[in-house]
Amino acid sequence: MLAFLLRRLVSLTVTVWLATIVVFTVLQLVPGDPALLMLGINAQPDTLAALRSQMGLDQPILTRYLHWAGGLARGDLGVSLTYARPVADLVAERLAVTLPLSLLSLVLSTMLALPLGLLAAARRGRGSDWAVLGFAQLGVSMPSFWIAILLILLFSLTLHWFPAGGFPGWSAGVGPALQALVLPALALAVPEAAILARVTRTAVLDTLGEDHIRTARAKGVGRMAVLLRHALPNALIPVATVLGLQISFLVAGAVVVENVFTLPGLGRLLYQAIGQRDLIVVQGVVVLLALFVVLVNALVDIACALADPRPPATGNGGAS
Amino acid sequence: MPTAKQRLTLAAAAIATAALALAAASQAALAQPRTDLVVGMALEPPHLDPSAGAAGAIKEVTYANLFEPLLRVDADGRLVPGLAERWSVSEDGLTYRFSLRPNAKFHDGTTADSADVKFTLDRARAAESVNAQKAYFAPIAQVETPDPQTAVVTLSRPDGLFLFHMASGDAAIVAPESAATNKQKPVGTGPFKFDRWVAGDRVVLVRNPDYDGAKPKIDRVTFRFISDPAAQVAALKAGDIDAFTLFSTYEALPEFRNDPNFTVMVGSTEGETLLSTNNARKPFDDVRVRRAMAHAIDRQTLIEGVLYGNGVAIGSHFPPHREGYVDLTGLYPYDPARAKALLAEAGYPNGFDTTLRLPPPPYARRGGELVAAMLAEVGIRAKIEPVEWAAWLEKTFKGKDYDLTMIAHTEPLDIDIYARPDYYFNYRSERFNALNDELNRTQDPAKRNALYGEEQRLLAEDAVNGFLFMLPSVTVQKANLSGMWVNRPVQANDVTGVSWK
C-alpha cells in the first residue's frame, strides 16, 4: 500500500510539474505585452521598459520560469501583474463566490430532486408521476444560462425580489451576499435536479420491487415508512454516485452562470487575466486547477484500492 | 377554540397588517431623497492608481471623485480649479505658478501641500516612472516650493497644452506616504474617499467628511462593473443601477427612451474613430488610394449601423465640440464612382486585396464589417481579421505590421500623434511637424485654434486615415437623477455634482 501511495505521489508531482512547463511556455508564445496593455497607446519606450523591469519581464525566460516555479514549490503563487496583489488572495476571494455557489446549488438540487423522485416513485403512473417526469424532461433540456435569463426576467425585472446580477461581497453581510447567490444557484440547480429526480425515481422503484420490501409490507409496515425507512436508504447509493459525477459539471456550469449574473468567480478571474495578459495569475490558476483535478483522481484511485477486497495484483505491488 | 375558518381569517388579517406596515415603511423610505448612487461601467479598472496605468476605467472611478490634479476639467471641458485654487503663467510661457487650497488634506489625514505637488511631478518624469502619459511631464525643467501653498513649475520649452495636461487624471496629486499603495488603497485629496473594492464586481467610495471644498450631495457612490450587454440592460431595468455611463448597447436605447423611468443622454467623447491606415505600406502610400477609400465610405450608413444613429461624422482628427474645429466632412463625399476612378488612376483598376484587423470593442467589430462591405463595392477586398486587445497592441500598434485597422483614439486633444515619428500610422509630413512645433510655442487661444484648423485641413487633404465618427458618450440613467455628465471631455465619471430630484 505504501509503495502504491508513493507511486501516486510521484506521478502527481510530475504531472503538476509538466503542467507548469506547458502553461508557462504557451503563455510565452501568445502575442501580447502586459506592460503595453497597462500603459496603453501613449506609453513611451522608456516607461514601458521601466514597467517591464518592475514586473520582472526583462529577465531571461529561464530565470523567470525558475523564479515562478521556485515560488510555487514554496507555496507562493506570486503577485498579479495587473492587480498588483498576491495571486493567492485573488484566488481565495473568487473561490469565496464560486464555492458557495456550487455548494448552494448542490444542496438546492438535492432538496428538489429527492422529494420529487420519491413522490414520483410512490405514485407511479399517476398524475404527479407524470408531472415530475415532465419537469425532469424540461429541466434536462434547458441549459442553465437560459434558465438564468428566465429567472432574471421573472424575479429581478418583474417582481424585483432579487438583484439582476452582481455580488456585494461577504463583507456586505451574509444576507445580501446569499441573496445575490440564490438565482444563480437555482439556475445551476434546476438541470441537475432534473437528472437527479429521474435517477431517484428509478432507484426507488427498483428497490421497491425487492424481497425485503415485500417482507416489510407483509409484516404490516405502513406505505410511508416502507418508502422512507426501507426503500430510500438503498436507493441512495446510485443517487450519491450520480451526485458525485455532477460536482464537476457544477463547477464548469458555474463559469457560464457567473457570466450571466456577473458574479466575480474563479472562471471570470481567469478570463479577465487572459485578456489582460496577467501571466502570473493565468499560470497560478491553471496550475491550481491542474492540481485539483490530479488530486481528485488520485483520491478516487486510492479509495478504490482501499475498497477493493481482492488481494493486490502480484508483480508490481508485492511490497504492501 | 377558534374554528378553522376563524383561524384563516386571523392569519389573513395578520398578513395584511404586516404587508401594510411594510408598505408604510417603504413609503417613508421613498419620502427621503436618496443619498447614494450606483453607477454602472462596462470595464473594471485593473487597479486604482491613475498615475500608473492607461486603462480609462481607472480614471472613470477616481478622477475628480477621489483624486484631484492641480486643475480639473469640468463637464463642459473647461479648466477649473483642482487642488490649485489659482494659477498664473509667465509672459514667455515657461513659468507656471500654482496656489494650492490652504486646508487641503489627503484622506489619511496628511496635509496636501506643495511638497506633494513636487513629489508627484518629479515621480511622473523620473527615469523609473511608469506614468502612461509621461510625455505630458517631459517639458518640466524643475519644480520649486517657495512655501507650502505655492508650487512653481519651470518648463524647458513652451507647451501650449501644459495646463490641460496638468488637469488630466495622469497628473493626479499623490502623497509620498501612500503613492506605493494607491493601486489597491487609493489615497487622494478629493471629495470622496475609498471604502472598499469587491474585486470583479464593484468599487465603493464614500463622502470625505474632511473635504475642504464644496461637499457633494451624494454620500456614497458604488461603481459596478458589468461587461455583458444583456446583463447591463437587466441591471438597469431591475433598478440595481442608477446610471450606466459609456453605454454601448445602442440597440437597447429605443426601449429606454420609451420608458418614462429612464433618461437617455447622448453626448460626445474625445474618441475619434478611425480607419487607421498604414501610410508606409503599398498601396496605401499613394494618397489617391487613401482618398479613394475616403470616397468609398458612407459615414451616415456607418453611424446608423454601428451606433444606431447616435454619433457625429468627422472629416479629420478633431472633435466637433471643441473650439478650433473645422468641418471637413464634405471634402470626400460618399461617391463610389469617384473612388473607383481614383483607384484606376493609382493603377488599381481592378482594386486590390488587403487585411482589416479588428480589435474587440463592438464599434470596431460591427463597424469593420460595414467598412469592409463598403470597400468591396469599389473593388478593395478587405479580409477581416478579428484580434484580441493584447494582440492588437503588440502586432498593430507596436509592431506596425498591418494594412488597415479600426480604432477610436480616446485621448483628448491628441492631434499631435501625427507628428510622432514612430507612430503606427507611419505618416510623415514636414509641414505637419512644423505646424505642431508652432502650436507648442503658441499660447494665444485664437492663434492656437487657427493652427489646429490648418492641421485638420492638412490631415484631411492627405487622407491619412479614414476619419469616421466621434464615439458617443451615452448615459442611461433614472429619470430623477441630475448632474451626470453629458459629454466626456476627459475620461471621468465625475459625480461630485450629482443629486436626486
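Helices here are DSSP runs of H or I with at least four residues, strands are runs of E with at least two, and both are numbered from the N terminus. With that in hand, residues 9-30 of chain A come out as 95% helix and 0% strand, with end C-alpha atoms 32 Å apart.

A word on the ground rules. This is a predicted model, so local features need pLDDT of at least 70, side-chain atom pairs count only at pLDDT 80 or more, and totals for chains, interfaces and linings use all residues. Residues are numbered from 1 along each chain as its sequence is written, while chains are lettered from A and ligands numbered from 1 in the order in which they are written.

**Chain A**

Chain A has 12 helices and zero strands. The stretch we began with belongs to a UniProt annotation, "transmembrane region" (unreviewed entry), which covers residues 9-30, 95-118, 130-157, 177-197, 235-260 and 280-300 of chain A. UniProt positions are given in the numbering used here, feature names are shortened, and annotations may be inferred rather than shown by experiment. Another of those spans, residues 177-197 of chain A, is 100% helix and 0% strand, and its end C-alpha atoms are 28 Å apart.

For a closer look at one spot, take Asp129(A), which sits in helix α6 (residues 127-141) of chain A. Is Asp129(A) buried, exposed or partly exposed? A residue is buried if 20 or more other C-beta atoms lie within 10 Å of its own, exposed if 12 or fewer, and partly exposed in between, with C-beta atoms placed from the backbone. Asp129(A) counts as partly exposed because it has 16 C-beta neighbours inside 10 Å. Two residues are in contact if their C-beta atoms, again placed from the backbone, lie within 7 Å. Setting aside neighbours within four places in sequence, Asp129(A) is in contact with Ala120(A), Arg123(A) and Arg124(A). Val221(A) is 92 residues away from Asp129(A) along the chain, and their C-alpha atoms are separated by 23 Å.

**Chain B**

Chain B has 13 helices and 19 strands. Its radius of gyration is taken over C-alpha atoms, and the globule rule is 2.2 Å times the number of residues to the power 0.38. The value for chain B is 26 Å, close to the 23 Å that the rule gives for 501 residues, so chain B is as compact as a globular protein of that length. For chain A the figure is 25 Å, whereas a compact globule of 320 residues would have a radius of gyration near 20 Å.

| Chain | Length | Buried share |
|---|---|---|
| Chain A | 320 residues | 35% of residues |
| Chain B | 501 residues | 47% of residues |

UniProt places "domain: Solute-binding protein family" (unreviewed entry) at residues 79-409 of chain B. That span is 26% helix and 27% strand, and its end C-alpha atoms lie 21 Å apart.

Strands pair if DSSP finds at least two bridges between them. Four strands of chain B form an open antiparallel sheet in the order β4-β5-β7-β6. Because β4 (84-89) and β6 (140-147) of chain B stand at the edges with a single partner strand each, one side of each is left without a neighbour in the sheet. Within the sheet, β5 (residues 95-100) and β7 (residues 150-155) of chain B pair over five bridges, and Phe98(B) stands opposite Ala151(B) in β7(B). Helix α3 (residues 114-125) of chain B lies across β5, β6 and β7 of chain B, running at about 165 degrees to β6(B). Axes are lines fitted to C-alpha atoms, for helices over the stretch in contact, and angles run from 0 to 180 degrees between N-to-C directions.

Elsewhere, Tyr308(B) lies in the loop between α8 (299-307) and β13 (312-313) of chain B. Tyr308(B) is partly exposed, with 16 other C-beta atoms within 10 Å. Not counting residues up to four places away in sequence, Tyr308(B) touches Tyr250(B), Glu251(B) and Leu253(B).

**Where the chains meet**

The contact takes 40 residues from chain B and 44 residues from chain A. On the chain B side, β8 (192-198), α5 (229-237) and α11 (389-398) each supply at least two residues. The largest share of that side, eight residues, comes from α11(B). By class, the side of chain B that touches chain A has 17 nonpolar, eight polar and 15 charged residues, where Ala, Val, Leu, Ile, Met, Phe, Trp, Tyr, Cys and Pro count as nonpolar, Asp, Glu, Lys and Arg as charged, and the others, Gly among them, as polar.
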